[in-house]
Amino acid sequence: MSSIAELLASRSSLAAVSDTPGLDVELLLAHCLDKDRSYLKTWTEREVGEQQQQQFAVLLQRRQRGEPIAYLIGSRGFWTLDLRVNASTLIPRPETELLVELALEKLADTAAARILDLGTGTGAIALAIASENNQWQVLACDVQAEAVALAQDNGQQNKIHNVEFLQSNWFAQIPAQQFDLIVSNPPYIDPADPHLAQGDVRFEPRSALVAAGKGLADIRHIIQQAQAYLKPGAWLLLEHGYDQGPAVRELLHTQGYSAVATLQDIAGMDRVSLAQYPATA
């Protein structure tokens, strides 16, 4: 049997597929041992059982083939939450937390806000917003039944009860009503983008990544349809690609939105465009 220290040394085998091989190995081994990462640092000489060692070896091989850590261990942290993740949804990413930050900023003075999250996936955005104020009511939808079930489970696991999840292709099944804020991280990658053949996105559902019209088709649809669901002066927040800011702002202006702006993510890349509707004087 090998010790924890010996198994952690296998990080070198991930150098070709990961920018964080040491972290990856720690996460995989901690998952197999059902311990947190601090345990690994405290008990480096402790031997690992044969069954757990075999499980670790299988996961390590899958990671060497490029499978995302989140899918291998079945979870990913987002905001203050621990979310279950599976191959039916995108993996929540740190840059998407910008949507949550902006939503909280825009709703800071709204005591009983109603929020709509379109294309919720794991429920990450909806649950993060809802976790910050239990007086707010969040409605979240996804076209995939598997994603809706996963998001519901994440709500239960995190004990967040002010979110309702339903299956809908964008606004198709959303009952007529108006919201204080609509937020979405829709598919926005051009089908011809070479990055689709690289990294984690190779294993993520293509339907949650790719949109026609050079990646803008779903964003355009949301911008057009959201107007019927926004209260006067309400906000629309959209995540998009690093090079799509000008095109998204043009779409918002063309549809009569005001206070149009684009903000950068933690890497300094254009990531979220936002606007109010209807146009204010």
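Which residue forms a salt bridge with Asp24, and how far apart are the closest N and O atoms? The partner is Arg63, and the closest N and O atoms sit 3.1 Å apart; a salt bridge here means a side-chain nitrogen of Lys or Arg within 4 Å of a carboxyl oxygen of Asp or Glu. Arg63 belongs to helix H4 (residues 50-64) and Asp24 to helix H2 (residues 21-33), so this pair ties together parts that are 39 residues apart in sequence. Helices (H or I, at least four residues) and strands (E, at least two) are DSSP runs, numbered from the N terminus.

A word on the model comes next. This is a predicted model, in which local features need pLDDT of at least 70 and side-chain atom pairs count only at pLDDT 80 or more, while totals for chains, interfaces and linings use all residues. Residues are numbered from 1 along each chain as its sequence is written, and side-chain values use heavy atoms, with hydrogens and water left out.

As for the overall fold, the chain holds ten helices and nine strands. Its radius of gyration, taken over C-alpha atoms, is 21 Å, close to the 19 Å from the globule rule (2.2 Å times the number of residues to the power 0.38) for 281 residues, so the chain is as compact as a globular protein of that length. The C-alpha trace spans about 70 × 40 × 30 Å along its principal axes. Of the contacts with a separation of 6 or more, 65% are between residues 24 or more positions apart, a contact being heavy atoms within 4.5 Å.

Of the 281 residues, 49% are buried; buried means under 20% relative accessible area, exposed over 50%, and partly exposed in between (1.4 Å probe, protein chains only). Both ends of the opening pair fall in the buried class, with Arg63 at 7% relative accessibility and Asp24 at 4%.

Another one joins Lys231 and Asp180, at 3.2 Å from N to O. That pair links distant parts of the chain, with Lys231 in strand E7 (residues 230-239) and Asp180 in strand E6 (residues 179-184), 51 residues apart. Lys231 counts as partly exposed at 28% relative accessibility, whereas Asp180 is buried at 15%. Asp265 and Arg271 also meet in a salt bridge, at 2.9 Å from N to O. Asp265 is buried at 10% relative accessibility, and Arg271 is buried with a relative accessible area of 10%. Finally, salt bridges with shared partners join Asp24, Arg63 and Asp200 into one network.
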